[in-house]
Amino acid sequence: MSAPPKSAPKPAGRAGRNTELPEHLKCYKGVWVFIEHDRGHVHQVSWELLGEARKLADKLGVQVAGVLMGGPDEQLDAFAKEAYTFGADLCYVMRDPVLKGYRNEPFTKGLTDLVNQYQPEIMLLGATTMGRDLAGSVATTLGTGLTADCTELNIDGRALAATRPTFGGSLLCTIMTLAYRPQMATIRPRVMALPRRDETRTGHIVEATLGMIETDIVTKLLDFIPDTSRSTVNLAYADIIVTAGKGMKNADNLKLIWNLARVLGAEVGATRAVTQAGWLDAERQVGQTGKTVRPKLYIAAGVSGAIQHRVGMESSDVIVAINTDPNAPIFDFAHYGIVGNAMQVLPVLTETFRAHLDKRVRKVA
Ligand SMILES: Cc1cc2nc3c(=O)[nH]c(=O)nc-3n(C[C@H](O)[C@H](O)[C@H](O)COP(=O)(O)OP(=O)(O)OC[C@H]3O[C@@H](n4cnc5c(N)ncnc54)[C@H](O)[C@@H]3O)c2cc1C
């Protein structure tokens, strides 16, 4: 290979990029979080994102703002007060009858107008059904960059460095939006830790108007019918998860997983190999194309620890792996490893926990 010609321009920035912010983007300031709420409840991912926004804003020396949109009779003021305790300095609040219940059109217009008026440099949304829908249309309308499903956020110069899995999860890439503002990102629930609430923090509200009426909106909200066919699996927010991998051999053996989960008051998780085999529902899948979880205890039985599974559970406080293969990748990141046959180890664990927990209950009584 020949040496580059002496006249070749020197690469700009650390990785050959020009990180100097163009003059016309310098007026964009602040980190925003879209606060998602539904039927009186804020989605916890919004508080997780406020914690992350606080860290980014402190590095940039700017403010954190929450964005609350909803009907005039919704508890937006109470949500704003809660947002301050999780790190927001202020909240932009837009109240309008057409914002009661999520619809893409009015929410896209409302959020786009707010961005055009107040010019934040970063905007974060939860990678929920609503957040993904809204983020995509807002980024398209504004003509800016959006990095979906980020696993890590950082500041490089003045740019948001948004990291996400790529090439089927086998690589991580860091994406920067250098020439457009705001820099948008979605993050899945539980990827970021819930920040500690600071009840002494306060903030202020900036009221905003939508400027849209019902007849401007094509989509109509006729009724809300909860999906009762869906089970109440709440894997993302479970404190303890017992996960079955393909090493459990067959669906019948999963009763060993359920038994341990019952004793521990745990949720049952699965690898993709298990959901694809039809042994457990897809909504129990943990990993890149399943749920991201962050329990206090994660027990993985017969799970190899492939990268696509790992990215969904490696933030668990304590990971216990049971695997016959001492060289299984899961032992590289598990806190405790048991080399053994899950069909023999699980019943022993179940009985040991049962006896221990029974003793504690008797002591308390
Ligand atoms: C684009 C893409 C997305 C993906 N998304 C996900 C995802 O979201 N979640 C996910 O999980 N996977 C995902 N995968 C699949 C992933 O790559 C792995 O194939 C999968 O995680 C493997 O599942 P497993 O560990 O259950 O099975 P295997 O890889 O077959 O591992 C079984 C393990 O069980 C051990 N074992 C065997 N017998 C016993 C026994 N008696 N007792 C104890 N241990 C035993 C074996 O040593 C082995 O380590 C994805 C793949 C791709 C390409």
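Q: Is Phe353 buried, partly exposed or exposed, and why?
A: A residue is buried if 20 or more other C-beta atoms lie within 10 Å of its own, and exposed if 12 or fewer do. In this predicted model, Phe353 has 13 C-beta neighbours inside 10 Å, so Phe353 counts as partly exposed.

Q: Where does Phe353 lie, and with which residues is Phe353 in contact, leaving aside its neighbours within four places in sequence?
A: Phe353 lies in helix H8, residues 342-364. With those sequence neighbours left aside, Phe353 is in contact with Val263 and Leu264. The C-alpha atoms of Phe353 and Val206 are separated by 52 Å, and the two residues are 147 apart along the chain.

Q: Into which domains is the protein divided?
A: Domain 1 covers 24-216 and domain 2 covers 235-364. Taken over C-alpha atoms, the centres of domain 1 and domain 2 are 34 Å apart. Each side of the contact has its own count: 9 residues from domain 1 and 9 residues from domain 2. On the side of domain 1 that touches domain 2, the residues are 3 nonpolar, 4 polar and 2 charged.

Q: Which residues touch the most other members of the largest nonpolar core?
A: That core has 50 residues, and the ones touching the most other members are Leu50, Val67, Ala83, Leu124 and Ala185. Helix H1 (residues 44-60) gives the most to this core, with 6 residues. Another core, of 35 residues, lies apart from it; among its members are Leu235, Val293, Ala300 and Val303. Leaving aside neighbours within four places in sequence, Ala83 is in contact with Ile35, Leu50, Gly66, Ala88 and Cys91.

Q: Which residues come nearest to the ligand?
A: Of the 30 residues around the ligand, Gly245, Gly247, Arg272, Gly287 and Ser304 come nearest. By class, this shell holds 9 nonpolar, 18 polar and 3 charged residues. Helix H6 (272-276), helix H7 (307-313), strand S16 (318-323) and H8 each supply at least two of the shell residues.

Notes
Residues are numbered from 1 along each chain as its sequence is written. This is a predicted model: local features need pLDDT of at least 70, side-chain atom pairs count only at pLDDT 80 or more; totals for chains, interfaces and linings use all residues. A nonpolar core is a set of buried Ala, Val, Leu, Ile, Met, Phe, Trp, Tyr and Cys residues joined through C-beta atoms within 7 Å. Two residues are in contact if their C-beta atoms, placed from the backbone, lie within 7 Å. Domain bounds come from an automatic or database domain assignment. Ala, Val, Leu, Ile, Met, Phe, Trp, Tyr, Cys and Pro count as nonpolar, Asp, Glu, Lys and Arg as charged, and the others, Gly among them, as polar. A residue is near a molecule or strand if its C-beta atom, placed from the backbone, lies within 6 Å of it.
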